[in-house]
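Here are my notes on the model, point by point. Please read them with the structure open.

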Amino acid sequence: MRRFGKMSMRTRHILEGYSFISLWVVGFLMFLAVPFGQSLYYSFNKMTLTNQGLVASFNGLAYYREAFTLDVEFVPKLMSTVTTMVVHVPLIIVFAMFSALLLNRPFRGRMLFRSIFFLPVIIASGMVLQKLLEQGAATLPIFVQYDLARILSQYVPGEVLLPLLRMADSLTLVMWDSGVQILIFLAGLQSISPSLYEAAKCDGATPWESFWKVTFPMITPMILVNILFSIVNSFTKVNNSVMQYIHTVAFKENDYGYGAALGWIYFAIIFAIILLVMLMFRRMDNPYTREGR
């Protein structure tokens, strides 16, 4: 107990982190490890459905080559999905941070507004979200009703206008996808000690300087968590075209080997993007790990 009491803050944080993920590791080993191994095995084999079940014949990397050289649907869908993620994730992070800063301020009805911002997370998910998207609820009707694109094209070049309109048209989805991120930012904001703001104020810092010198560095870990969550959420949403294509190939066309290969390619790309984001944040000065070094 004495040795445990002498642990540095960094060591305690590491142990706390491992204790938090331990349940996930147990669940992964119990329910996901075997399907993961099977899908990797399927991706290197041609799976034939017979009366005795699935029969595998070694196919090597043929399915992986087919995905990039013969399949005319997979690469365009993949590029579209990655482009949507690159556009949506920064918008979600900025919107969630701005909303959390407003919702963190004291005003009457604050709990009600927090609930309203989180409501789409509960309602607009799964089949409900799919039905809403099919009915066009995720786009803003102002662009169609008032022919806004044609009017603005007289003043703004098309190369600039069209991307801006696409971003504006996706604001509904951005607001729907920001509920969890707002909660995480709120938790981060409420963990900042008021004494830091008092010290900054005594030093003559303006609210703008307090945000960049106190608030932003303290919520940097929350920004990383929200970016990772938003990336994973974007790649696994119900309207994701790549996910739908893999589901069609594997379970409607019964091409299990090729479907598994597409799944592993998709997984590798998502993993590479997440790794890149984590490497970018790794070199940033983290206020939570500064203590105990």
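1. Start with Ile227. Setting aside neighbours within four places in sequence, Ile227 contacts Val89, Ile93, Val277 and Phe281. Bear in mind that this is a predicted model.

2. Ile227 also stands out in the largest nonpolar core, which has 44 residues. Phe74, Phe185, Ile223, Ile227, Ile231 and Leu262 are the members that touch the most others there.

3. Which helices supply at least two residues each to this core? They are H3 (62–69), H4 (74–103), H11 (179–190), H13 (207–218), H14 (220–235), H15 (241–252) and H16 (256–282). The top contributor is H16, with 11 residues.

4. Now look at helix H2, residues 9–43. H2 counts 35 residues, yet its end C-alpha atoms lie only 44 Å apart. A straight helix would reach 51 Å at 1.5 Å a residue.

5. Where does H2 bend? The bend is at Leu32 and comes to about 55 degrees. A proline, Pro35, follows within four residues.

6. The protein has 293 residues, and 29% of them are buried.

7. Contacts in sequence terms: take those between residues at least 6 apart. Of these, 69% join residues at least 24 apart.

Definitions and conventions
Residues numbered from 1 in each chain as written. Predicted model: local features only at pLDDT ≥ 70, side-chain atom pairs only at ≥ 80, totals over all residues. Heavy atoms only, no water. Core = buried A, V, L, I, M, F, W, Y, C linked by side-chain atoms within 4.5 Å. Buried < 20%, exposed > 50% of the residue type's maximum accessible area, 1.4 Å probe, protein only. Contact = heavy atoms within 4.5 Å. Expected span 1.5 Å × (residues − 1). Bend = angle between axes of the 7 residues up to and from the residue.
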